[in-house]
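I opened this structure to take notes on what sits where. The entries follow the order in which I looked things up.

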Amino acid sequence: MINKRKLTAIAAFLLPVSMTVPCHADTVNPVDVIATLHDAIRLAIDPRMSSTHWLSLSTVGAVAEADDKSIVNDFANFCPPSSPVIDSYNRVRKLDGIYEDILRGMTGPSRPPTRSFTDAQAVLINTATRERTPEYKKYGEYLTRYAETLKKYFEATNDSEKLLRSAELQALGQDWVILGSKNEVDAALWQIELAATKFGAAKNGHRQQILAAFRTAGMRPTDGVASYRAPVSEFSPDVSAWNNETGWTSFSFTKYDFSRMYSAESSRNHGFGGINVGFAVIGGSGGGGDGTVTQVTSTSDFKYEFELKRVEIRRPWLDAEVFFQPLGWTWKKSANTVAFPHVGDGADTDGKPKEPTSAVYDNNEVGCTLMPLEFIIARKRSVTATMSTTDYQRITRSGSSGGGGGLFGIIGGGGSHSWSSTKINDSNGNTTFKVDSPSIGIIGVISEIIPTLPNPNVADTWPDDAWLERDQ
């Protein structure tokens, strides 16, 4: 039994080179296996996944585990690359930073005040004194009373009290309409709302205030205002409930499944090409090992087994409309930005997300090809594999250096738990062994592909400092 601590920055296998693998082949190429594993997991979690959604799998084992809520929160705050795999997230683009750069650099269309807007202002504000009108003040008083009564309704502990509070709400609502100018003020507020464009200065300032508030809050009271932690996101189910028995899908992937499902065309079209690495990478420093990194380029048999669950990501600090309303805003002109930058560039003809050719605005990286929507978490992760005894000995000798490691991508990875490798048997120069990671960890994300953004409507009216792509 060989026990190792997990390592966060070692890739077990990466972007594969597409090669046709006959079903009768004695050994298989690991870079083709991960491409087919990707398809198998996608089908297991959602056979009808939208063409605008993209699955990214980790190649460093579990990138975050359920016992480290802070790291889970950090992992919710990143923009994955356009490849179908994640080989790192500590150095990738942080979503809150890109969002902040966009908010500082964007401008919306011009909306000159209309007659409806000025009439609405007159209902709310005395233009001479710049104070609320008597109607608006009375409206505010009724709004406060209604909110207090509604709170009492929700706090009621029995049916008779709820009935009483319900009657109070009904009477108060009628008085609000008759005595509190509810209809008139609501209509005026609606006109003000219509006049404020989605990406105008007022709404944009509000977005920045919300982001700043969540950043200040931190993850814990001890974080304080000096914390550089990501703004707090919410998860459904919450991290504390990930181990509940509901929602898990059993998953198994064998060499037979690989031979049956593998498609060189699918592998190539989804970006599995260009880099060839092995099934196993184990390395570290110190201890009794040789400290080298070992890659195995073939295996004669394998079987993945684990359970999967989807976890929704909610970010109350982020207004996703900014990323999915391409016509609604553009950049302000920037003297030190030579090419019009895009946050996203949509998908290519094969449905693969494209990296923008220009994604720097005012010296900041603003490219965000994918917006993560859900985590894919896994538990009871194990891989049984057969490879040459020579390769197996190289792996274990290298791994004994004490640094830990990752095996077969899904297994191993970051966190505080151990994974273990157990040799099953030696036969005819081959060794069969099993690798287990019992903890719950994030092994992938489902993201939505960012459209071509921004893509301002040139027929709209824009302020003088608006940068339209046609002007460059």
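This is a predicted model: local features need pLDDT of at least 70, side-chain atom pairs count only at pLDDT 80 or more; totals for chains, interfaces and linings use all residues.

The cut-off for buried is under 20% relative accessible area. I377 is found in strand β15, which covers residues 370-388.

Next I listed what I377 touches. Not counting residues up to four places away in sequence, I found W242, W248, E307, L308, K309, V311, I440, G441 and I442. I also checked I377 against E65: the two are 312 residues apart in sequence, yet their C-alpha atoms are 8.7 Å apart in space.

Entry on the whole chain. I counted 12 helices and 21 strands in the protein chain. The chain has 472 residues, and buried residues make up 47% of them. I then took the contacts between residues at least 6 apart in sequence and noted that 81% of these join residues at least 24 apart.

Entry on two threonines. I looked up T330 and found it in strand β12, residues 330-332. T330 counts as buried because its relative accessibility is 0%. A polar atom of the T330 side chain lies 2.5 Å from the backbone oxygen of W467. Setting aside neighbours within four places in sequence, I recorded contacts of T330 with G105, M106, T107, F340, P454, P456, W462, A466, W467 and L468.

I then turned to T431, which is found in strand β19, residues 430-437. T431 has a relative accessibility of 0%, so T431 goes into my notes as buried. Which side chain does the side chain of T431 join in a polar contact of 3.0 Å? I found that of T389.

Entry on helix α3. I checked residues 95-105 and found 9 of the 11 residues buried, so I noted helix α3 as largely enclosed by the rest of the structure. The buried residues in α3 are L95, D96, I98, Y99, E100, D101, I102, L103 and G105. One of these, G105, had already come up as a contact of T330.

Entry on helix packing. I note two packed helices by the angle between their axes and the distance between the axes. For helix α5 (residues 134-155) and helix α6 (residues 159-179), the axes come within 9 Å and cross at roughly 170°. Angles over 145 degrees count as roughly antiparallel, and α5 and α6 are therefore roughly antiparallel to each other. On the α5 side I listed K138, Y139, Y142, L143, R145, Y146, T149, L150, K152, Y153 and F154 as making the contact. On the α6 side I listed K162, R165, S166, E168, L169, L172, G173, D175, W176 and L179.

I looked at K162 and Y153 again: K162 lies over the face of Y153, at 4.4 Å from the ring centre.

How are α5 and helix α7 placed relative to each other, parallel or perpendicular? Their axes come within 10 Å and cross at roughly 100°, with α7 covering residues 182-195. I therefore wrote down α5 and α7 as roughly perpendicular to each other. The contact is made by E135, Y136 and Y139 of α5 with K182, V185, D186 and L189 of α7. I also noted that the charged end of K182 sits over the ring of W176, 4.8 Å from its centre.

Entry on aromatic rings. My search of the whole structure gave 20 aromatic pairs. The rings of F253 and Y304 have centres 6.0 Å apart and planes at 55°, so I noted the pair as tilted. This pair links distant parts of the chain, 51 residues apart: F253 is in strand β9 (residues 249-254) and Y304 in strand β11 (residues 301-314). F253 counts as buried at 1% relative accessibility, and Y304 counts as buried at 1% as well.

Y304 also pairs with F302: the ring centres are 6.1 Å apart and the planes are at 75°, so this pair is edge-to-face. F302 is buried, with a relative accessible area of 2%.

Last, I noted a cluster in which ring pairs link F75, F78, F235, W242 and F375. W242 was already in my first entry as a residue that I377 touches.

Technical notes. Residues are numbered from 1 along each chain as its sequence is written. Side-chain values use heavy atoms; hydrogens and water are left out. Helices (H or I, at least four residues) and strands (E, at least two) are DSSP runs, numbered from the N terminus. Buried means under 20% relative accessible area, exposed over 50%, partly exposed in between (1.4 Å probe, protein chains only). A polar contact is a pair of N or O atoms within 3.5 Å; within protein, one must be able to donate a hydrogen and the other to accept it, and residues adjacent in sequence count only if both atoms are side-chain atoms. Contact means heavy atoms within 4.5 Å. Rings of Phe, Tyr and Trp (its six-membered ring) pair if their centres lie within 6.5 Å; planes under 30 degrees apart count as stacked, over 60 as edge-to-face and the rest as tilted. A charge sits over a ring if NZ of Lys or CZ of Arg is within 6 Å of the ring centre and within 35 degrees of the ring normal. Axes are lines fitted to C-alpha atoms, for helices over the stretch in contact, and angles run from 0 to 180 degrees between N-to-C directions. Angles under 35 degrees count as roughly parallel, over 145 as roughly antiparallel, 65 to 115 as roughly perpendicular and the rest as oblique.
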